[in-house]
Each structure stands twice: as C-alpha cells, then as structure tokens.
Amino acid sequence: MAHKFLVHEPGDMVGVAVEDITAGQTVEGLVMSDKSRLTMQALSSIPLGHKIALQDMAKGTQVLKYGVVIGEAFQDIKKGEHVHVQNLRSIRWRESVIEGVAV
C-alpha cells in the first residue's frame, strides 16, 4: 500500500494528506523523520493537503505538527477525522485575538 499521508515528526498528532482520502478508507502514513509507517482508518474524507487526526484529542488539547503546537482543538476530535477549521483553532489566530491584533 502506498502512503496517503505524511507525518513530519514521530510525536505529531496529525498527518497531512498527500492524496484525497475517502471516509472509511484504510490508509497508510509515512513518518518522514524515521521512515516508519502507520495504518489507520479514515473516519471522514480528507482533501489533499489537509490534516488527519492520528489520535483522539479532547476539546482543549494543544495539537502538535512539525513537533510544535500549531493549534488547539475546540471540540473533541477522533482518530481518523479531518482536522481543519471546523475543529482546530490555530495558535496564531488565538494569540492575535488575545493580544487584540486584527488578523
């Protein structure tokens, strides 16, 4: 099976789709830093370039990608779900709102 998503760092909580992924599809991911692979079932469709959850995340969880926090889950996210603006608030946006800076 060819990989359908990439994971930048072993501790990342999301992978990035390198092809469109269909809900219900079993997909393989490649961890770029160590070439390990993981397999999971997609619970929702994920467009090319969007994120797939690699683990369950509760509301309020800080989400890691590239080995750094990229945002906060503002609702529960299940492993295999599409991670995007419907369930993830970016740290950049949150910090801008807190500081009163217009985005």
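1. The model is predicted, and local features need pLDDT of at least 70, side-chain atom pairs count only at pLDDT 80 or more, and totals for chains, interfaces and linings use all residues. Residues are numbered from 1 along each chain as its sequence is written, and side-chain values use heavy atoms, with hydrogens and water left out.

2. The order from the N terminus is β-β-β-β-β-β-β-β-β-α.

3. Of the 103 residues, 36% are buried, where buried means under 20% relative accessible area, exposed over 50%, and partly exposed in between (1.4 Å probe, protein chains only). The chain exposes about 5800 Å², of which carbon and sulfur atoms supply 53%; areas come from the Shrake-Rupley method with a 1.4 Å probe.

4. Two salt bridges are counted, each being a side-chain nitrogen of Lys or Arg within 4 Å of a carboxyl oxygen of Asp or Glu. One joins K4 and E19 at 2.8 Å, N to O. K4 lies in the segment before β1 (5-7) and E19 in the loop between β2 (14-17) and β3 (26-31), so the pair ties together parts 15 residues apart in sequence. K4 is buried at 19% relative accessible area, whereas E19 is partly exposed at 37%.

5. E28 and R37 also form a salt bridge, their closest N and O atoms being 2.7 Å apart. E28 is buried, with a relative accessible area of 11%, while R37 is partly exposed at 48%.

Terms used. Helices (H or I, at least four residues) and strands (E, at least two) are DSSP runs, numbered from the N terminus.
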